[in-house]
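Here is a short briefing for a reader who is meeting this structure for the first time. Please look over the sequence and the model before reading on.

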Amino acid sequence: MGIVLSWQTTPLRLSDVPVASPAPGELLVRVLACGVCRTDLHVVDGDLPVHRLSVVPGHQVVGEVVVAAPGFVVGERVGIAWLRHTCGACRFCLRGAENLCPASLYTGWDADGGYASYAVVPAAYALRLPSGYSSEALAPLLCAGIIGYRALKLASVPDGGRLGIYGFGGSAHLAAQVAVARGYEVHVVTRSSSARALAMSLGAASVSADAPPVPVDSAVLFAPVGTLVPPALEALDRGGTLAIAGIHLSDVPVLNYSRHLFQERVVRSVTANTRADAAEFLSFCASHRLSVAVQPYPLASANLALADLRAGRVTGAAVLVA
């Protein structure tokens with residue numbers, strides 16, 4: 001059974017479909033939990049055109065191995081993330097930037113994902129999971145957590161530096177905990193009262209609806225709102241970097257060179273992640289206990305979960321559970 005997205009069908013529809021047979025080198029897993037990502041919402045809403053008709057969304061999948069491949073055993077709990085395939089031979093793959101591979105394929109976009117009872121993943125892209133977390137808590141780590149981790153890397157926060165975070169949902173609340181653990185001073189900008197309360201509980205130095213109270217050395221924009229780019233750049237101190245973490249962003253207004261870019265301010269995008277990013281982040285999660293705010297929904301309520309995410313009614317991360 002899977003929830004199917006097609007060009008002709010919005011909202012998603014629940015359908016009985018045959019369980020896929022894994023090819024050699026692939027795992028078949030029984031889905032235990034699947035995070036609901038804003039990227040899923042962009043696909044459903046048409047901001048990101050589907051790559052395949054009637055694709056099953058979902059790329060933050062925690063599952064139990066039913067059919068194993070070398071390196072894995074039946075019954076093992078594994079993760080399936082956004083990145084599903086890279087060529088391994090292009091100049092990007094060869095220099096360790098497989099997230100930029102032109103032949104890359106993605107779970108829930110190019111191939112069926114985890115809004116389903118079963119899912120298939122190439123064993124080379126299956127992720128080993130840290131112990132001590134429930135399946136529901138692990139699911140958001142597999143995209144929201146990994147992308148937030150990569151965004152922090154690309155934001156180039158100096159040791160002991162100040163970090164601005166714009167938007168505070170599934171990804172940001174995890175990245176903030178990594179930042180606090182690293183000794184950064186975290187300043188959160190969000191209009192959601194529940195998100196502001198969560199940010200303060202997780203160790204933010206300040207929470208505001210408008211702007212950080214001090215210049216920040218680095219910032220990460222998690223909200224898919226292009227109008228936030230100019231104020232985020234303006235809040236940067238000299239030499240600061242703004243990393244934009246989303247796969248989709250609404251249009252960015254005209255920038256003023258002196259106010260927004262001068263004094264060596266940098267703005268950069270974040271594109272997917274590498275498997276090395278995933279391994280680093282999940283290793284961090286094994287040694288640092290993260291508090292994962294989860295709002296669970298049954299699989300059949302995927303449309304409700306997406307509607308709540310769209311309307312800003314989710315605090316932390318929405319997760320579909322078996």
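With which residue does Lys-153 form a salt bridge whose closest N and O atoms are 3.4 Å apart? The partner is Glu-280, where a salt bridge is a side-chain nitrogen of Lys or Arg within 4 Å of a carboxyl oxygen of Asp or Glu. This is a predicted model, in which local features need pLDDT of at least 70 and side-chain atom pairs count only at pLDDT 80 or more, while totals for chains, interfaces and linings use all residues. Residues are numbered from 1 along each chain as its sequence is written, and side-chain values use heavy atoms, with hydrogens and water left out.

**Salt bridges**

- The structure holds eleven salt bridges, and side chains of opposite charge can pair when their charged atoms come close.
- Lys-153 also meets the side chain of Asp-277 in a salt bridge, at 2.8 Å from N to O, and this pair links distant parts of the chain, since Lys-153 lies in helix α4 (residues 144-155) and Asp-277 in helix α9 (residues 275-287), 124 residues apart.
- Helices here are DSSP runs of H or I with at least four residues, strands are runs of E with at least two, and both are numbered from the N terminus.
- Lys-153 is partly exposed at 36% relative accessibility, whereas Asp-277 is buried with a relative accessible area of 2%; buried means under 20% relative accessible area, exposed over 50%, and partly exposed in between (1.4 Å probe, protein chains only).
- Glu-280, in helix α9, is 127 residues from Lys-153 and is partly exposed at 34% relative accessibility.
- Arg-150, Lys-153, Asp-277 and Glu-280 are linked in a network of salt bridges.
- Asp-308 and Arg-313 meet through their side chains in another salt bridge, at 2.7 Å from N to O; Asp-308 is buried at 10% relative accessible area, while Arg-313 is partly exposed at 49%.

**Cysteines**

- A search of the whole structure finds zero disulfides, a disulfide being a pair of cysteine sulfur atoms within 2.5 Å.
- For Cys-37, the nearest cysteine sulfur is that of Cys-143, 4.0 Å away, and Cys-37 is buried with a relative accessible area of 12%.
- For Cys-285, the nearest cysteine sulfur is again that of Cys-143, 13 Å away, and Cys-285 is buried at 2%.

**Annotated domain**

- An unreviewed UniProt entry carries the annotation "domain: Alcohol dehydrogenase-like C-terminal" for residues 173-286; UniProt positions are given in the numbering used here, feature names are shortened, and annotations may be inferred rather than shown by experiment.
- Over residues 173-286 the chain is 36% helix and 24% strand, with the end C-alpha atoms 17 Å apart.
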